[in-house]
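Thanks for coming. Please have a look at it before I start.

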Amino acid sequence: RAVAPLHPVAVQCQEAQLVVTVHRDLFGTGRLVRAGELSLGSSCLPVSQHPAESTVTFVAGLHECGSTLQMTPDSLIYKTSLSYKPTPSGNLVIVRTNPVVVPIECHYPRKSNVSSSAIQPTWAPFRSTLSAEERLSFSLRLMNDDWSTERVSNGFQLGDSLHLQADVSSEGHIPLRLFVDDCVATLSPDRNSSPRYAFIDLGGCLVDGRADDTTSAFISPRPRQETLRFVVDVFKFAGDDRNLIYITCCLKVFPADQAPNPWNKACSFNKASSLWAPVEGTGDICSCCETGNCPLHG
């Protein structure tokens with residue numbers, strides 16, 4: 001809505017941030033509040049002022065300024081508030097307005113198409129494929145413990161396990177087998193940011209399962225060649241209190257009629273035997289998971 005004294009606060013809910021525009025005639029009385037007396041969330045100040053329009057503007061990321069996230073079956077709801085705290089002016093013992101807190105919410109559907117800027121697949125159709133309808137479609141989902149349905153909540157406690165399922169829709173192609181090349185956990189959407197933890201690495205080695213006191217592993221057998229399931233024990237970054245972790249995985253496919261090899265594999269560490277074992281294929285394709293000398297291309 002347009003910002004006017006009748007509607008003094010306007011909110012734009014954008015893809016990764018919210019923009020709050022506040023008319024300084026906050027109460028519709030003609031008395032303008034001072035910009036320094038307005039704040040968003042915990043303590044965020046305005047980023048710009050427009051004297052001609054008597055407005056101030058706040059811009060904040062969805063996870064910034066002390067915002068909270070509420071999840072419903074259909075929506076992600078980011079909540080924050082606009083605060084007005086008057087300070088004495090002139091006569092230092094009185095104020096002429098009351099403090100105000102305006103609740104602000106941005107609602108996003110949980111089930112809809114996403115833009116390419118949020119998820120950037122790195123696959124390409126096969127060389128022999130010319131039709132756009134034959135492009136591969138990859139997905140990576142959090143599943144319930146019994147793998148029957150997608151998990152509604154993405155909140156976990158330490159001690160829980162992530163049940164992750166990678167899939168590819170390969171209609172129009174020869175039969176394909178899906179692999180997970182690597183998976184990296186970070187505190188920001190940038191997979192190259194620091195700190196970072198690669199729990200699948202070396203072209204399909206679930207290296208997190210090699211650590212002490214973990215049960216992380218690929219699930220064997222697969223339900224179908226185009227699906228790969230794996231379980232990872234929940235973790236957090238040491239010395240950091242943030243409770244949001246981003247996971248970025250690289251998925252790829254390989255003709256299902258060809259045997260897995262050191263370039264295309266899904267290997268877990270078996271603590272009982274102290275050996276690496278593949279979901280399918282011979283054990284020697286996983287030997288490089290121990291040495292760290294896995295070939296990157298083949």
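How does Arg210 count by its relative accessibility: buried, partly exposed or exposed? Arg210 counts as partly exposed, at 37%. The cut-offs are these: buried is under 20% relative accessible area, exposed is over 50%, and partly exposed is in between, with a 1.4 Å probe and protein chains only.

Some housekeeping. This is a predicted model, in which local features need pLDDT of at least 70 and side-chain atom pairs count only at pLDDT 80 or more, while totals for chains, interfaces and linings use all residues. Residues are numbered from 1 along each chain as its sequence is written, and side-chain values use heavy atoms, with hydrogens and water left out.

Back to Arg210. Its salt-bridge partner is Glu290, with the closest N and O atoms 2.8 Å apart. Glu290 lies in helix H1 and Arg210 in the loop between strand E12 (196–200) and strand E13 (217–218), so the bridge ties together parts that are 80 residues apart in sequence. Helices (H or I, at least four residues) and strands (E, at least two) are DSSP runs, numbered from the N terminus. Glu290 is partly exposed as well, at 45%. A salt bridge here is a side-chain nitrogen of Lys or Arg within 4 Å of a carboxyl oxygen of Asp or Glu, and the count comes to ten.

Two others from that set. Asp167 pairs with Arg141, the closest N and O atoms being 3.3 Å apart. Asp167 is in strand E10 and Arg141 in strand E9 (residues 137–142), so this pair connects parts 26 residues apart in sequence. Asp167 is buried at 7%, whereas Arg141 is partly exposed at 27%. The other is Glu37 with Arg34, at 2.6 Å, N to O. Glu37 is buried at 8%, and Arg34 is partly exposed at 35%.

Strand E10 (residues 161–169) also holds Leu162. Leu162 is buried, with a relative accessible area of 10%. Which residues does Leu162 contact, leaving aside neighbours within four places in sequence? They are Leu142, Phe156, Phe230, Val231, Val232, Val234 and Ile247, where contact means heavy atoms within 4.5 Å. Take Phe230: it is 68 residues from Leu162 along the chain, and their C-alpha atoms are separated by 8.2 Å.

Now the cysteines. There are six disulfides, each a pair of cysteine sulfur atoms within 2.5 Å. Counting bonded cysteines along the chain, the pattern is 1-4, 2-3, 5-7, 6-11, 8-9, 10-12.

One of them joins Cys13 to Cys106, S to S 2.1 Å. Cys13 sits in strand E1 (residues 9–13) and Cys106 in strand E8 (residues 100–109), 93 residues apart. The link is left-handed, with -85° about the S-S bond. Cys13 is partly exposed at 37%, but Cys106 is buried at 0%.

Cys267 and Cys286 are also bonded, their sulfur atoms 2.0 Å apart. That link is left-handed too, at -80°. Both Cys267 and Cys286 are buried.

Cys288 and Cys294 form a disulfide with sulfur atoms 2.0 Å apart. This one is right-handed, at 95°, and both of its cysteines are buried.

Cys250 is partly exposed, at 22%.
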